[in-house]
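Hi everyone, thanks for coming.

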Amino acid sequence: MSAVTSPGGTPQHIAIVMDGNGRWATRRFLPRLAGHRQGMESLRRCIRACLDRGVAVLTVFAFSSENWNRPADEVSGLMELLVTALAKEMPQLQADQVQVHFVGERAGLSDKVRTGLDQAEAATAGNRRLVLNVCFNYGGRWDVAQAAARLAAQGQPITELSLHQAMALAHVPDPDLIIRTGGELRLSNFLLWQAAYAELYFSERLWPDFDEAELDHAISEYARRERRYGQTSEQLGMAADQKAA
Ligand code: IPE
Ligand code: IPE
Ligand code: MG
């Protein structure tokens with residue numbers, strides 16, 4: 001993994017289902033796309049907050065494999081928004097040393113979008129302060145299936161480790177904290193494999209209203225959780241005592 005590690009108590013890898021843009025817009029009698037534009041502002045603010053807090057990896061869900069089922073004008077608007085926002089934000093991303101990855105299926109995207117993604121990845125590949133994974137045309141099931149298909153084609157055995165290494169997020173550790181905004185209590189095909197031991201935080205805030213204070217609330221809630229990975233509380237206590245001795 002090419003990023004720095006995070007300070008104690010801060011999750012090293014935060015992943016976010018950025019949900020609620022449409023409702024944010026509808027409540028203001030605006031077109032849904034206005035909500036997506038405002039969502040982009042919220043993402044910019046969230047990246048800044050993660051940089052300030054020393055988070056090493058931020059993974060965001062921007063467009064799911066299933067979002068193709070939306071009205072055609074919303075889908076094309078989202079594609080356009082991605083390309084324009086990328087071009088606009090590139091100088092700041094470079095200044096902040098953000099390494100950008102697009103995670104998801106490239107087939108099915110237009111040449112223009114694909115070129116935009118490729119260029120952004122190439123231009124930021126040397127950056128080391130924050131890894132930003134943008135899940136775009138992404139689904140957790142797609143990722144498991146493409147990894148298994150790749151291994152099968154190479155005649156490799158399918159094990160937990162080989163699958164993990166063939167998956168689209170192999171360049172980062174699993175998420176410590178998964179946040180979903182917008183009040184829905186589901187994963188919607190996000191990071192199905194990598195979520196195995198993530199702490200989950202559900203926020204009622206719509207994504208455009210998600211701010212630093214709500215991020216801090218999620219982080220402090222995370223810091224209070226005991227991550228047992230199948231062990232007992234007593235075992236964890238003993239291990240901590242041994243470490244301290
Ligand atoms: C999330 O916001 C962004 C995308 C899925 C692209 P939504 O557009 O799903 O917002 P709601 O859930 O309709 O409010
Ligand atoms: C999940 O949100 C996908 C993204 C945030 C990109 P959706 O709004 O598509 O999820 P569902 O349809 O409510 O499950
Ligand atoms: Mg939604």
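I'll start with the ligand and then turn to the strands.

First, some ground rules: this is a predicted model, where local features need pLDDT of at least 70 and side-chain atom pairs count only at pLDDT 80 or more, while totals for chains, interfaces and linings use all residues. Residues are numbered from 1 along each chain as its sequence is written, chains are lettered from A and ligands numbered from 1 in the order in which they are written, and side-chain values use heavy atoms, with hydrogens and water left out.

So what surrounds ligand 1? Among its neighbours are M18, D19, R23, R32 and H36; a neighbour here has a heavy atom within 4 Å of the ligand. Helix 1 (21-27) and helix 2 (32-53) each supply at least two residues of that shell, and helix 1 gives the most, with 3 residues. Helices are DSSP runs of H or I, at least four residues, and strands are E runs of at least two, numbered from the N terminus.

Now the polar side chains. For R23, a side-chain N or O atom is 2.7 Å from an oxygen atom of ligand 1. For R32, the corresponding distance to a ligand oxygen is 2.9 Å, and a polar side-chain atom of D19 also lies 2.9 Å from one.

On to strand 4 (residues 130-138): 9 of its 9 residues are buried, meaning under 20% relative accessible area with a 1.4 Å probe, protein chains only. Strand 2 (residues 57-64) runs parallel to strand 4, joined by 7 bridges; pairing takes at least two DSSP bridges. There, T59 stands opposite N133. Strand 3 (residues 98-103) also pairs with strand 4 in the parallel sense, over 6 bridges, and V100 stands opposite L132.

Note on methods
Buried means under 20% relative accessible area, exposed over 50%, partly exposed in between (1.4 Å probe, protein chains only). A polar contact is a pair of N or O atoms within 3.5 Å; within protein, one must be able to donate a hydrogen and the other to accept it, and residues adjacent in sequence count only if both atoms are side-chain atoms.
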